[in-house]
Structures are given as C-alpha cells and as structure tokens.
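Subject: A structure for you to look at

Hi there,

Here's the structure I promised to pass on. Have a look at it first, and then read my notes below with the model open beside you.

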Amino acid sequence: TPPGASVTLDGAQVAGVTPLEISLDPESEHTLALTLAGHLPEEVKIAAGGTPEAVEVELKALPPPGQLSVVSRYPVDVLWRGRTLARGSASPQVRLDSGRQVVTLVAPSVFLRRDFQVTVPAGGRTAIDAPSVGEINIQARPDNCEVLIGGTSAGFLPILDRQVVVGKHTVTLKWPDGVTRDYPVEVTAGRPTYVTGKKE
C-alpha cells in the first residue's frame, strides 16, 4: 500500500509492480525490497521455511522537501550528493530533501571548498552563512614562482591584497625547476595575512 511499487527479490528486479505474485524457494531465506516514487523504501526478510502466503507492506510517503538559503557576499556553487544545485550565484536558494544533509560550497574566486552539515525542516526553510573573507599578501625570494592556495593556482607573484575565505589554508610556492615550499596559514577577517617564502 499504495499499489504500484517496484520489487526486487534477493537483489534481482521482479517484472511488474504491486500487487503481484512471486514464486519463492521455501527452503531459502529471501529479501524483498519495495520502492515507489515519493515514498520511503522498505525491505522485508522472509525466513527459510516460513514463506507466507501474502506479504503486506505500507510504504510511508516521503516528507516534503525544504529550502536552504546560502547567505554570501560572493558567488558560490552549491553541491549536494554529486549534483550542482546552484552555480555562481550570490546568496542562492535551493531545494533539498528534508532531514540532515551535507552540502558543499565552492567559490574558486576566494579559494573556498567546504562541507556544511544542515538540518532541513520538512516544508520549511533553513540558512547557512558562507565564510567571510580576509586578505592575503604573498612574496618570495626568488620571486619567479607560481602560487597555489589549497592546491588551486593563484597565479604568479606578487600576490597583493588577494581575497581568501577565512580559515586555515596551505600556500604552496612552486618554482620553475620543480622546487616547492608549503606554508600553512590562517586567514582572519579584518587583518591582512602575510606569507614570505624563500627557495633555499
């Protein structure tokens, strides 16, 4: 209940939809899995030697989705379960399944890629704040090196007053001959962060 559910028997798809009849080996244990769009899936175990004449299952309706608002001062992508729900939007709003969810905010312009856990109320709204930004200044000796922040290229020196999301980052200096140096930094809002590197 309701009718029209798809059924798998021991992992193999059964032809048709419920209500239907299935032949079982009564000497073996079996697993029935039922799925129906808009409803929570259910699984039924049938013990060996205890095959019933009828199996009645009630599939509960999925709770309605909710809405997530991302408050940001810069464009962000919103990723969820491998899908992009919003791309390059400032303060996007997206629909999500209700319950506890993990979304990823991505903003290459400020070197952001971070997971956020949110609880989405059924039919309701919730919000998260994208991290604020600070400034980073980078110099090195010699200065003919490429700069990467968190593995993403920031270009070549000099790097002056570049906006980066607050938090911990790894600044990598990469010289043409392959020499690299890593510098862990913590960017804070309202105060510039300085990195001075050297090859030797």
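First, a term you'll need: a nonpolar core is a set of buried Ala, Val, Leu, Ile, Met, Phe, Trp, Tyr and Cys residues joined through side-chain atoms within 4.5 Å. Buried here means under 20% relative accessible area. Also keep in mind that this is a predicted model.

**The cores**

So which residues touch the most other members of the largest nonpolar core? They are L68, V70, Y74, L96, V103, L105 and I128, out of 20 residues in that core. The elements that supply two or more residues to this core are β5 (66-71), β6 (76-80), β8 (93-96), β9 and β10. Of these, β10 gives the most, with four residues.

Leaving out residues up to four places away in sequence, L96 touches P65, G66, L68, W80, L85, V103, V118 and V120. Apart from this core lies another one, made of 17 residues, and C145, V147, W175 and V195 are among them. As background, nonpolar side chains tend to be buried together in soluble globular proteins.

Next, take a look at T104, which sits in strand β9 (residues 99-107). Is T104 buried or exposed? T104 counts as buried because its relative accessible area is 14%, and the cut-off is under 20%. Its side chain makes a polar contact with the side chain of D115, at 2.6 Å. Not counting residues up to four places away in sequence, T104 touches D77, V78, L79, R113, R114 and D115.

Then jump to T172, in strand β16. T172 is buried too, with a relative accessible area of 16%. Which side chain does the side chain of T172 make a polar contact with? The partner is D182, at 2.7 Å. Beyond four places in sequence, T172 touches E146, V147, L148, T180, R181 and D182.

**A valine in β4**

V44 belongs to strand β4 (residues 42-46). Its relative accessibility is 19%, so V44 counts as buried. V44 and A33 are 11 residues apart in sequence, and their C-alpha atoms are 6.4 Å apart in space. Setting aside neighbours within four places in sequence, V44 is in contact with H30, T31, L32, L34, V55 and V57.

**The pockets**

How much space lies in the largest pocket? About 600 Å³. The largest pocket is lined by 23 residues, and T18, L20, A54, V55 and E56 lie nearest its centre. By class, the lining of the largest pocket has 16 nonpolar, three polar and four charged residues.

The second largest pocket has a volume of about 180 Å³. Its lining is made up of V106, P108, F111, L112, R113, R114, I149, G150, T152, V165, K168 and H169. Two elements give two or more residues to that lining: β10 (112-120) and β16 (167-174). β10 gives the most, with three residues. The classes here are six nonpolar, three polar and three charged. R113 and R114 line this pocket, and both are also touched by T104.

Happy exploring!

Methods
Residues are numbered from 1 along each chain as its sequence is written. This is a predicted model: local features need pLDDT of at least 70, side-chain atom pairs count only at pLDDT 80 or more; totals for chains, interfaces and linings use all residues. Side-chain values use heavy atoms; hydrogens and water are left out. On a 1 Å grid over the protein atoms alone, a cavity is a set of points where a 1.4 Å probe fits but cannot get out, and a pocket is an open set with protein on both sides within 12 Å along at least five of seven lines; lining residues have an atom within 4 Å of a point. Grid points are joined across faces, edges and corners, and a volume is the space filled by probe spheres set on the points. Ala, Val, Leu, Ile, Met, Phe, Trp, Tyr, Cys and Pro count as nonpolar, Asp, Glu, Lys and Arg as charged, and the others, Gly among them, as polar. Buried means under 20% relative accessible area, exposed over 50%, partly exposed in between (1.4 Å probe, protein chains only). A polar contact is a pair of N or O atoms within 3.5 Å; within protein, one must be able to donate a hydrogen and the other to accept it, and residues adjacent in sequence count only if both atoms are side-chain atoms. Contact means heavy atoms within 4.5 Å.
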